[in-house]
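Subject: Handover of a structure and findings

Dear colleague,

Please find the structure below, together with its sequence.

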Amino acid sequence: MRPLADILRPNKLEDVVGQKHLIARGQILFNLIKHGKIFSMILYGPCGTGKTTLAYTIVNELDLKYEFLNAVINSKKDLDEVIDKARVSGGIVLIMDEIHRLNKDKQDLLLPYLENGLITLIGLTTANPYHSINPAIRSRCQLFEVKMLSEDDIKEALNKAGKYLDKIDISDDAISYIARLSGGDLRYAYNLLEVVYYASDDFKIDLDDVKKINNKPSLYIDKNDDGYYDVISALQKSIRGSDVNAALHYLARLIVAEDLDIIFRRLSVIAYEDIGLANPAIGPRLEAAIKAAERVGLPEARIPLGEIVIDMTLSPKSNSAHVALDNAISDVRMGHVGKVPDHIKTNSKDYKYPHNYKGSYVKQQYLPDELVGRKYYIPKTTSKYEVNLKNIYDKINNM
């Protein structure tokens, strides 16, 4: 009953799929194994790319004693037992899955044994270790990126898998389709191949057989991992950069993942951060599109969302408003505040009420004495609307 992905897990470096930048002759892991020496390391990268496989391959190639723990599931007591085994054997390799979730108590327990070499750590994570791993752990480890597998890598692995599935007869189109659906996740590809194999009548598999089982890609946008934020970031940067085709592509990935909530939140940010005063009508139009998408739900929600994303992408852009506020916030945090002028304090008799004056403007000081002359807002001229604001701004400043 072992899953195919487990049966096919390599024991030798030469059988590992992809990761040539680490395991090809002359590369880092190849040479470490060649010289019979490893150091504490963290392997990071997307799901299904072979992090665990690489860890097991390393210890198998070097015939090292090892223990496998999961930072979430296993307790401090489990870690104590590994340390005791290390003391008895004179050293042990600890493969720690989800290392980014290791809590402070376990970290404090582990650190001295990493320091003295009693434990050699191979940490596995889908998160970016530069952001998510405790610096004390990170400084004692070498960081190696495990990269997304290509479609060719996946196809190569699937073709090799055929000898483990008796009487399988699968078309090249079906292999290519599974590879494309996998999104670089080999575990996903193996699992789908195995399901299609056992769900077939006579183990003859074509493209239609795969589509009956699954026609939705394995998108790497797990909310706990960097890939999720990469897609969101790419959506915003494509809209900001006015590339409508790229913006629609990343919107499509989030729609296929059925994550409407993040689409709504991110588009709301973009409307005010990147478009802002260049096209202030975009805010209400986006709100209308969001309400329409919420009302109709998927799959029809894609229609108003596609329309508003095209509108936002091709809209003139201005970040002047949020940059102006950020400049003001920076001043406040640096301690540049000063006293509120007396004449604009609550119930001041010296306050000049602008509506009582021609043009609803009267010259008086509003900034604290220490900040008179400070300018946070720098108008842009990317749209007629903000040009009009600039003209008013300049006129007031020159009075």
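A residue is called buried here if its relative accessible area is under 20%, and exposed if that area is over 50%, with partly exposed in between. Please bear in mind that this is a predicted model.

I begin with strand β4, which spans residues 119-125. Ile119, Leu121, Gly123 and Thr125 point one way from β4, while Thr120, Ile122 and Leu124 point the other way, and all of them are buried. Since 7 of the 7 residues of β4 are buried, the strand is largely enclosed by the rest of the structure.

Which strands pair with β4? One is strand β1 (residues 41-44), which runs parallel to β4 and is joined to it by 4 bridges. Within this pairing, Leu43 is placed opposite Leu124 of β4. Another is strand β3 (residues 92-97), which pairs with β4 in the parallel sense over 6 bridges. Here Met96 stands opposite Gly123 of β4. Between β3 and β4 the chain passes through helix α6 (residues 104-115), and this β-α-β crossover is right-handed.

I turn next to the aromatic rings. A pair of such rings is described by the distance of the centres and the angle of the planes. The count of aromatic pairs comes to 5. Tyr56 is buried, as its relative accessible area is 19%, whereas Tyr66 is partly exposed at 32%. Ring pairs also link Tyr56 and Tyr66 with Phe68 into a cluster.

Tyr197 and Tyr198 form an edge-to-face pair as well, with 4.7 Å centre to centre and 80° between the planes. How accessible is each of these two residues? Tyr197 is buried, with a relative accessible area of 4%, whereas Tyr198 is exposed, with 57%.

Finally, there are charged groups over rings to report. The charged end of Lys37 sits over the ring of Phe39, 5.4 Å from the ring centre. Lys211 lies over the face of Tyr177, at 5.5 Å from the centre of that ring.

Yours sincerely

How values were computed: Residues are numbered from 1 along each chain as its sequence is written. This is a predicted model: local features need pLDDT of at least 70, side-chain atom pairs count only at pLDDT 80 or more; totals for chains, interfaces and linings use all residues. Side-chain values use heavy atoms; hydrogens and water are left out. Rings of Phe, Tyr and Trp (its six-membered ring) pair if their centres lie within 6.5 Å; planes under 30 degrees apart count as stacked, over 60 as edge-to-face and the rest as tilted. Buried means under 20% relative accessible area, exposed over 50%, partly exposed in between (1.4 Å probe, protein chains only). A charge sits over a ring if NZ of Lys or CZ of Arg is within 6 Å of the ring centre and within 35 degrees of the ring normal. Helices (H or I, at least four residues) and strands (E, at least two) are DSSP runs, numbered from the N terminus. Two strands pair if DSSP finds at least two bridges between them. A crossover is right-handed if, with the strands pointing away from the viewer, the path from the first strand over the helix to the second runs clockwise.
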